[in-house]
Amino acid sequence: MLLRHTDKEIKERVALTVNPAKTCQPVGAMYAALGIHNCLPHSHGSQGCCAYHRSTLTRHYKEPVMASTSSFTEGASVFGGQANLLEAINNIFSVYNPDVIAVHTTCLSEVIGDDIPQILAKAKEDGRIPEGKYVIHCNTPSFVGSHVTGFSNMVKGMVQYFAESSGNKLNQVNIIPGWVEPSDMREIKRLAWEMGISTVVFPDTSDVLDAPLTGKHQFYPKGGVTIEALKSAGDSIGTIALGHFASAAAAEALDAKCNVKYEILDLPYGLLATDRFIDSLRRMAKVVVPESINAERGRLIDAISDMQSYFYGKRVALFGDPDQLIALSEFLVTLNMRPVYVVTGTPGKKFEEEMSRVLHEIPEAKFKQAGDIYLLHQWIKNEPVDLLMGNTYGKYIARDEDIPFIRIGFPILDRIGHSYFPLVGYTGALRLVEKILGAIMDRQDRDCPEEGFELVM
Amino acid sequence: MSENLAQDFAVTREKLLKVYPTKAARKRAKHMVLNDPDPETMPEIEANVRTIPGIITQRGCTYAGCKGVVVGPIRDIVNITHGPIGCGFYSWLTRRNQTKPIDDNDYNLMNYCFSTDMQEDDIVFGGEKKLRQAVREAYEIFKPKAIGIFSTCPVGLIGDDVHAVAREMKEELGINVFGFSCEGYKGVSQSAGHHIANNQMFKHVIGLDDTVRDSKYKINLLGEYNIGGDAFEIERILEKCGIDLIATFSGNSSYDYFANAHTADLNCIMCHRSINYVADMMEIKYGIPWIKVNFIGAEATAKSLRKIAQYFGDPELKERVEKVIAEEMPEVEKHRADARTRCEGKTVMLFVGGSRAHHYQDLFAELGMRTIAAGYEFAHRDDYEGRRVLPTIKIDADSRNIEELTVEPDPERYRYRKTEAEVAELKAQGFEFRDYEGMMAQMAKGTLVIDDISHYEMEKLIAYHKPDIFCAGIKEKYVIQKMGVPCKQLHSYDYSGPYAGFKGAINFYRDIDRLVNSKIWGYIQAPWEKNPELIATYVK
């Protein structure tokens with residue numbers, strides 16, 4: 001047994017986290033910053049943070065993840081990190097020449113109280129920031145929230161540093177896609193394009209973390225939202241923020257700064273959330289939904305109706321990030337499945353409120369914010385499930401308990417696909433349907449008696 | 001090494017330095033040398049000093065070296081990371097230290113991650129209370145033999161005393177509880193964390209169990225972390241030779257092995273950088289000599305086995321070792337000869353770790369592949385230039401931060417394992433105690449050695465010199481491959497292995513062969529990019 005010490009009996013824990021369902025803020029800020037064109041994320045802390053975040057993102061994407069660090073040693077921790085950050089800014093512009101350095105803090109620089117805006121002002125004053133270049137920042141204390149919070153903070157930082165209102169409204173919609181994959185961001189842009197809507201999507205990691213192999217390393221790949229586009233976000237007719245936890249803060253900041261009205265929607269995972277996304281987009285941009293999108297929707301409905309009996313009543317356990325879990329659980333309910341255990345490590349009451357809404361017809365459902373995967377495993381041991389969905393760490397439970405397992409969320413360290421094939425939109429929902437059916441039906445093929453082995457299913 | 005390449009590297013070195021601002025260039029210049037293997041004329045290289053902020057380094061932190069590398073692989077300790085969630089999360093199962101519990105009832109805590117997940121209140125009001133409670137809960141639920149507490153950056157800054165908490169909890173719970181002051185900022189790289197781990201394991205665990213096993217040739221293997229099953233293969237070979245492995249620090253290991261390690265008669269060091277401290281301390285306290293071995297490469301494995309046999313001096317052991325080598329080598333030779341037909345003459349660059357960039361040169365040499373440039377991520381000067389330079393290494397403020405234990409011979413248990421006469425005789429035979437000659441002594445004249453290579457330097461080095469394979473870690477892997485050059489990860493082995501010992505060598509030949517000769521490198525250009533001439537279109 002891989003997790004041989006996980007016991008059925010649930011003892012109360014108030015201080016010890018075992019097998020976390022979250023990680024810390026800075027990695028989210030780093031991921032978000034990679035979605036700005038010609039941007040180098042910078043970790044203001046000791047080297048390990050940057051090394052760990054780059055490693056995790058690299059393992060997840062199998063792609064280069066470029067980022068730098070202030071390389072704190074004990075001296076910097078005692079005297080403050082200003083000298084390190086100033087030197088880093090100098091070296092980065094000399095050697096790597098980005099348009100933007102996106103600084104995020106760490107628990108170390110937060111605890112010693114480094115004042116980043118003051119340091120950046122000094123850098124500007126000393127002439128360390130070349131003309132036309134930018135250094136932006138956000139605070140990402142690791143002891144607050146989770147990686148999702150860090151992502152949200154960096155996206156908000158983009159608004160605070162760049163968005164401007166010129167007084168002239170532009171016929172474009174901002175879409176804040178939330179913490180989704182490059183494939184999802186590409187799909188969101190495609191859907192808007194199908195509807196004939198101009199968009200500013202930020203951050204946008206498509207063509208950054210799914211770059212082609214050409215024989216040359218593009219240090220700054222061609223993707224990412226441009227500074228120009230970010231500035232223009234203040235003139236857009238509206239903002240659609242996908243996912244409360246990852247995107248709401250930036251949308252609110254943009255409204256406060258530039259008076260751009262916004263709608264916060266669930267991540268467009270599955271049928272109903274995609275319906276709401278398309279509908280909001282249509283109303284905001286005042287366009288008619290084209291036939292091509294109706295057809296995509298129709299194909300999804302068709303596939304679900306063809307295979308509906310396989311989903312019915314299946315008990316599912318899920319863990320991951322709140323925005324994903326809320327939308328995913330709703331879709332599972334749509335499929336007549338039963339999401340019975342749902343755990344996120346990210347703290348936030350909003351999660352439990354949303355889950356109560358989504359799971360109101362599943363009375364046996366248990367869900368928890370600020371929980372961990374160890375607890376989820378204990379729930380499963382007490383009453384098993386038919387399917388497990390979560391990041392790669394779920395494979396240890398799946399093997400021990402012999403449960404079909406679908407990898408979804410962050411990080412996925414042992415399979416590819418997430419960066420290439422979307423989960424958002426109707427096409428993404430179809431991919432989810434295919435994955436769920438594949439897992440359930442492979443299990444049936446494996447476990448059924450020989451006489452019940454079906455050719456046609 | 002050809003004269004030309006040496007000249008090219010001299011030019012490259014100048015070009016690499018040009019891009020940096022003056023201050024950074026001055027510092028980086030000391031980390032790049034053209035090699036001369038002759039100890040008399042070997043250049044001095046700067047190592048184990050602060051990384052320049054912003055240059056994009058491969059390096060990690062002290063916590064990673066302590067918890068991630070040295071103590072993490074011990075399967076029956078509950079390792080609690082005291083800090084915000086990230087550090088524990090990132091070091092959770094990501095280093096491939098395989099472990100095999102003795103049976104179904106044995107402990108295996110390797111697949112778990114334990115953290116105090118410090119929140120803002122803990123930072124403001126102190127985290128000791130939460131830590132104490134977390135240790136209690138860990139004991140209550142998992143009933144381990146021992147609990148280790150690992151400090152992350154904020155812990156030192158807010159003044160939590162993890163050692164006091166450990167002492168209290170040891171008293172309260174009646175099991176061994178010990179702390180590590182391995183805050184990420186403590187040193188200039190992972191290396192400081194190795195030292196801290198060595199110190200604490202020496203202070204709190206080694207020597208707790210005096211049971212002496214009834215066997216003839218008792219050794220410890222130090223600095224072998226069982227990546228991809230390396231330790232399993234070494235265990236197999238040692239067992240076949242009749243050598244009794246008391247403890248491995250720390251691949252496939254148990255707390256109990258550490259407790260009993262001082263009963264061995266010889267310490268064999270694999271990774272000199274991460275573990276030499278404890279070898280020195282065990283020699284002083286218990287009288288156990290240490291030697292440097294290397295089980296990476298079939299030839300190196302044979303050499304190391306012979307060295308161990310020579311130490312014990314028993315003809316029976318020598319004979320058995322020769323028999324094992326004779327049995328194992330034909331299969332190795334067969335695979336080597338085959339892979340060599342496709343790999344011979346290819347060039348290699350290795351920039352990784354604190355010993356791997358050296359050890360793997362042996363394996364590549366067995367395939368007829370030439371190392372043209374190499375360097376470590378976190379090693380010290382002695383790992384480059386050999387231990388002979390130890391007296392000349394300046395101790396800077398960052399190194400002074402790390403505790404140096406004062407060790408004395410144990411009044412009861414000190415017993416030098418060899419008499420003076422035996423030592424003299426072995427030395428006369430050319431046997432080296434406590435010696436490591438370093439990487440540069442083994443590399444050809446004119447090859448390029450770069451310490452703590454930056455991303456920029458790496459990318460330019462590849463662009464200018466197009467090696468056939470580049471060895472590094474996960475952060476570098478896909479950059480290198482984007483440039484059309486295959487990369488072998490030498491931290492994780494690209495999820496393959498083992499590469500140690502005889503069977504490991506065969507795996508390595510196979511993996512390198514299929515990596516450098518993979519068809520995909522030939523398909524990077526589309527046909528229309530190869531022949532871009534325009535074709536006239538017919539216009540009506």
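Predicted model: local features only at pLDDT ≥ 70, side-chain atom pairs only at ≥ 80, totals over all residues.
Residues are numbered from 1 along each chain as its sequence is written, and chains are lettered from A in the order in which they are written.

Student: What radius of gyration does chain B have, against that of a compact globule?
Tutor: The radius is taken over C-alpha atoms, and the globule rule is 2.2 Å times the number of residues to the power 0.38. For 540 residues a compact globule would come near 24 Å, and chain B agrees, because its own value is 24 Å.

Student: Which residue ranges make up domain 3 of chain B?
Tutor: The bounds come from an automatic or database domain assignment. That assignment gives domain 1 as 1-60 + 344-386 + 438-495 and domain 2 as 62-186, with domain 3 as 218-343 + 388-428.

Student: Which helix gives the largest share of the side of domain 2 of chain B that touches domain 3 of chain B?
Tutor: The C-alpha centres of domain 2 of chain B and domain 3 of chain B are 28 Å apart. Their contact (C-beta atoms, placed from the backbone, within 7 Å) takes 16 residues from domain 2 of chain B and 14 residues from domain 3 of chain B. Helices are DSSP runs of H or I with at least four residues, numbered from the N terminus. The largest share of the domain 2 side, three residues, comes from helix 3 (residues 62-71) of chain B.

Definitions and conventions
Contact = placed C-beta atoms within 7 Å. Helix = DSSP H or I, 4+ residues; strand = E, 2+ residues; numbered from the N terminus.
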